[in-house]
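Take a first look at the structure below. The report then goes through chains, a contact between chains, and some packing details.

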Amino acid sequence: MKPSSFNYHAPASVNDVTALLAEHGDDAKVLAGGQSLVPMLSLRLAAFEHLIDLNKVEGLAGITRSNGTLRVGAVVRQAVAEHSADVATSVPMLAKALPHIGHFQIRNRGTVGGSIAHADPASELPAVALALDATIEAAGPGGTRQIAAADFFVSTWQTALDEGEILTAVEFPVWGPGSGFAVEELTRRHGDFALVGAAAGVQLSGGKVTKAALGLFGLGPTPLRAAEAEAALLAGADAAEVGRVAASGLNPLDDIHASGAYRKQVAAVIVRRAVQAAMQEAGA
Amino acid sequence: MNTRLTAGRYVGQAVKRIEDPRLLAGRGRYVDDVQLPNMLHVAFVRSNVARGNIVSIDTSEAKALPGVHAVYTGDDLNPRVQQFWHTMIGPPIEMGGQTHYAPLKPLAQGDVRFVGDPIAIIIADNRYIAEDAADLVQVEIDPLPAVVGILNGARDDALVHKEKPSNISDTMPIPEVPEVEALFATAPHVFTRRFHQARATNVPMEPRGIVVHYDRYAGDMQIWAATQSVSEWRSSAARLTGLGENRVRVIANDVGGGFGQKMMVTRDEAAVIMAGHLFGEAPIKWTEDRRENLMTANQAREEIFDVTMAVTDDGTLMGAKVFFWEDIGSYPAGAGAGAGLAGGVFPGPYKFPVVLPGGSAVFTNTVGKAAYRGPWMGETVAREQMMDHVAYELGIDPIEIRRKNVIKAEDLPYTTCTTMVYESVTPSETMEQALEMLDVDAFRAMQAEARKEGRLLGMGLAVYIEPSAIAFGILSSDQAIMRMDNTGKVIVAMSTGNHGHSLETTIPQVVAEHLGCDINDVVLVQGDTDSSPMGPGTGGSRSAVIAGGAAQTASLRLKDKILQIAAHMLEASPEDLEVNNSVVSVKGTPAKALPFAMIAPIAYQMPEMLPPGMEMGLEVTARYQPPGPFTWSNAAHVCTVEIDAETGHTKILRYIVSEDCGRMINPMVVEGQIAGGVVQGIGGVLFEHLVYDDEGNPLTTTFLDYLLPTAPEVPDIEIGHIETLSPTLGGYKGMGEGGAIVAPPAVANAIHDALRHLGVHPTDFPLGPSQVLALMNEAAQA
Amino acid sequence: MSDEVIVKLNVNGRDHKVMVEARKLLSDVLRDDLHLTGTHVGCEHGACGACTVIVDGAAVRACLLFAVQLEGSQIVTVEGVTPGDGTLNPFQQAMQDCHGLQCGFCTPGFVVSMTNYLDNNPNPTDDDLKIALSGNLCRCTGYRGIINAARTVAGLPVPANAADGSDH
């Protein structure tokens, strides 16, 4: 299990990265934390002639709050975000999702941006980005552009990033007072990819749900936004009903860890638990 | 909560491990740590189909890659093999032996028989280049339908080995006994169940590995290997190459776990030995990677058990018929591992009037079967689950049906219906101790309360007797070669090895106890055929009993000679002397004393001071053979679980073990072996499952797919001890495998108890959340 | 094959210069080129934790890093968390006292991980400890002695019936 040969590049600026990508096309791959990419290289499930390391690129490692959003740079380590007071206060759903990722040694190297760009349908952060309507900032040869999370996750491990583009930051909206969040998942063991997962956010006003966000993971080819279930929440449905609605439209596949039928059945439970916990935190 | 013997100065004490500091500091010496001048590295080209004919192999591009030194195929290596069989199993039928081997050849030739089957071997400057070259070998295979699944294999629709008449390698039908048929026909109750144990594997944290250095001018071969038995490796390498055993040296320094997977030279290792022999220019190293380990190292546990039990109304056992189907894959290490022994030990801790066993070992196009920690353990898995199924059918508590049938102190010595003789076992006592540790009444009350809230709690009990220290053939004995050096310190050499058994500590405990010296004055040398005696190595829960017996005997022999010398010098009778802390003194006159440090140089350097006629030196050997083919140990395990009624997820609440392994040399080490075995057993029920699809493709070739338990999943394991002396020299009983043998039914029975009121009666492993919820759904719809 | 590159590494406080292919994993460079064989390779896909090292103060998988990425970083291996004078660090000592190792192959990964974790989290709960241990696989011990070693260092209670190691 040793990777194939590649040429290593450690550019210092985003412009240098996009220039290298333009030069090498799909022979090149960007490397962030490497916690998913390097195993695929070692297993020789993937091989690239050029590896472009983002870790020394300036300007990708910051967490900044402004204008109702929290901007997390592409190579912010998951562990840094996990222990960030800004993340905890501004985007509690993200803070709650992070400890579920792998193990502390993985989060010490893995990045927030890398996880979202990798777009594994069973991982937490893509579902959080989708649920919260985060904005993905992409840089390419023509400059930067903003991509709504709803448009970002195309299929398993496939995103709306063009060839030649990289994810440079993710902007998470900051919710106001009266909000509550929860991330619930069922895994075989601590730190495993979720068999079934849900990220829930609610905002209450006068005892009513005025804002709802529900992202699902492990339940389809991409992270999923449970829009009908959000509508039910806003319409005053109880958590169990929200769970049923969220599960009703799902069609997950079998794998060695769980059948699709299992995932669908348990999705209703996990969504209910997430909604209950979020409602409780919001003060319901 | 213990019934303990009085501990000695060392034996019976929780002595901290001597081997730990170097291992903790990262200074262990494992096979991959061997770095030799000019050493080259090996990678394999392996089959990606389970069954098919090899149309062509083109190695030209690989050979042309810079840094590649050789590429060998089956055509190069296989014809050079002299003999390929395992000492522990004996020679094959074709050579006058008793064993039906698979047609063992190092590399595939003509056809492939499982995914991972080695086709070619690359020797290159480093592993990176070797893997590059492996990718360049062009192999064309014409695929054929694969044989997957025990019962599919038994149908013989297609043959795994074209050299064999059938996929059924060995079979032993259940005997037809008219009296027993009559008994079953007239018994008040006869119940039948089919249990299925899922494929799991040993997973030593250090994968396999071997360094082979054949020097064609010196004419000798040196091997460093991750092995449980350097003697077995030497014999195998000699047989493979035709070299004399005296021309082969095998060294295993530290070995990162084995659990049975490193007992025997398998085809991969044989290919490296043959390649090293043919290459002959430089040492070559193969370090198995984890994907190879999960795809091609021998696996275990894929078994079906058909059990029929006859019982009276009150649950008294009348008899059983059991048939064991085992999937031995394509190239098992040895042969069908378990059926014969499993049938013989099926009665276990209960007074069965009759048990009729049978079994079949079936080849399939999957990786071969290994010995894995209790290779026969299917008997306990089947029997202990069946006891619960029968109890529930009769409306009896599973504890009560066991109390009614378990062997008690007054029954001893007891000969089972399968002719096994128990002299000192305590199945009833361990069961009662484990139940007391749980507090059954309190648990039942908690369970009832929980059930009112819709929560699902359950407890499982399982009891067994373990045939430890199996003593047949090469396994029958072990030797200690003991020498006191010039300074009065002791070196003892044994055939054992260091792969986690703590022998570097426990053997010195035995020696220090019986010789009368300080434990820090004793060093164990093992894992090197040049300095260690012939012997079977480490495995089969044998070392405490048999190696311990040899060490004890050698210590007493050495002490006897020391006392004779001291008696002569002190002008006393040997009977009047005693030894404490490496000093010989006259009883009651401590001033008349001689330390070992003074006696030893005399023995080597001053013959005039020795008793007349005494041979110089302080060197002894002792070989110990236990009195019977098995030394029986026993235990009872109790597990409690809570199952999430909505997700089917099982959480273990408590795990309790009461065991009797005779006199414990080191209770800390005993508990470590128990805990490790239990967690492997838990893994086999809740987490671990090696999956093949219908085409024979392995789907669990990484640690993201094959799930080992981790720290948050395991409970604090509570352990009680009962020590009753075995009839062996030290009174020891083997216990290394027991945890893994009995934990699976204990966990399964707890899940059964939690769900039975819902109509769920599990029989198959694994019992992960998906399987448990499916069983609950099925029962709810029934 | 790509060309070899010169990589400067600071390991356990010492500067090294090695010439390796860019694809060479940190775990292999430590073992093969620097002969620091305490870093063990158990899976090469980041799941078992045997190769854990500390990079710039944080425990990470050496098998998921290329050595070429680490110029300018401070790397500490199991050899570096060991005092070196023949004694053991507190977690290592607790591992011996609590029988936290058998074959010893996974052990350096646990030692590095938990030395780093307990340095950064001196007051964990029992659950915190088990979760912190979840990134390292052990096949011998059932984690019993390892969890108890971590509890000992963290000052948390250890279950009463574990047989304690005695000094001899």
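In chain A, 58% of the 284 residues count as buried. Buried means that 20 or more other C-beta atoms lie within 10 Å of the residue's own; 12 or fewer means exposed, anything in between is partly exposed, and C-beta atoms are placed from the backbone. This is a predicted model, in which local features need pLDDT of at least 70, side-chain atom pairs count only at pLDDT 80 or more, and totals for chains, interfaces and linings use all residues. Residues are numbered from 1 along each chain as its sequence is written, while chains are lettered from A and ligands numbered from 1 in the order in which they are written.

**Chains A and B**

Chain A holds 12 helices and 14 strands. Its radius of gyration is 19 Å, close to the 19 Å of the globule rule for 284 residues, so chain A is as compact as a globular protein of that length. Chain B has a radius of gyration of 28 Å, which agrees with the value near 28 Å for a compact globule of 782 residues. The radius is taken over C-alpha atoms, and the globule rule is 2.2 Å times the number of residues to the power 0.38. Helices (H or I, at least four residues) and strands (E, at least two) are DSSP runs, numbered from the N terminus.

| Chain | Secondary structure | C-alpha span along principal axes |
|---|---|---|
| Chain A | 12 helices, 14 strands | about 55 × 45 × 30 Å |
| Chain B | 20 helices, 28 strands | roughly 90 × 70 × 50 Å |

Buried residues make up 62% of the 782 residues in chain B. Among chain B contacts between residues at least 6 apart in sequence, 80% join residues at least 24 apart. A contact needs C-beta atoms, placed from the backbone, within 7 Å.

**A buried alanine**

B:A636 sits in strand 26 (residues 631–643) of chain B. It counts as buried because it has 31 C-beta neighbours inside 10 Å. B:A434 is 202 residues away in sequence, yet the C-alpha atoms of B:A636 and B:A434 are 6.5 Å apart. Among the residues that B:A636 touches, leaving out those up to four places away in sequence, are B:P427, B:L461 and B:S658.

**Two helix pairs**

Helix 11 (residues 378–394) and helix 19 (residues 738–755) of chain B pack at about 25 degrees, with axes 8 Å apart. That makes helix 11 of chain B roughly parallel to helix 19 of chain B. In chain C, the axes of helix 3 (residues 90–97) and helix 6 (residues 144–154) come within 8 Å and cross at roughly 135 degrees. Helix 3 and helix 6 of chain C are therefore oblique to each other. Axes are lines fitted to C-alpha atoms, for helices over the stretch in contact, and angles run from 0 to 180 degrees between N-to-C directions. Under 35 degrees is roughly parallel, over 145 roughly antiparallel, 65 to 115 roughly perpendicular, and the rest oblique.

**Where chains B and C meet**

The contact takes 52 residues from chain B and 56 residues from chain C. On the side of chain B that touches chain C, helix 18 of chain B gives the most, with 8 residues. That side divides into 27 nonpolar, 13 polar and 12 charged residues. Ala, Val, Leu, Ile, Met, Phe, Trp, Tyr, Cys and Pro count as nonpolar, Asp, Glu, Lys and Arg as charged, and the others, Gly among them, as polar.

Definitions and conventions
Two residues are in contact if their C-beta atoms, placed from the backbone, lie within 7 Å.
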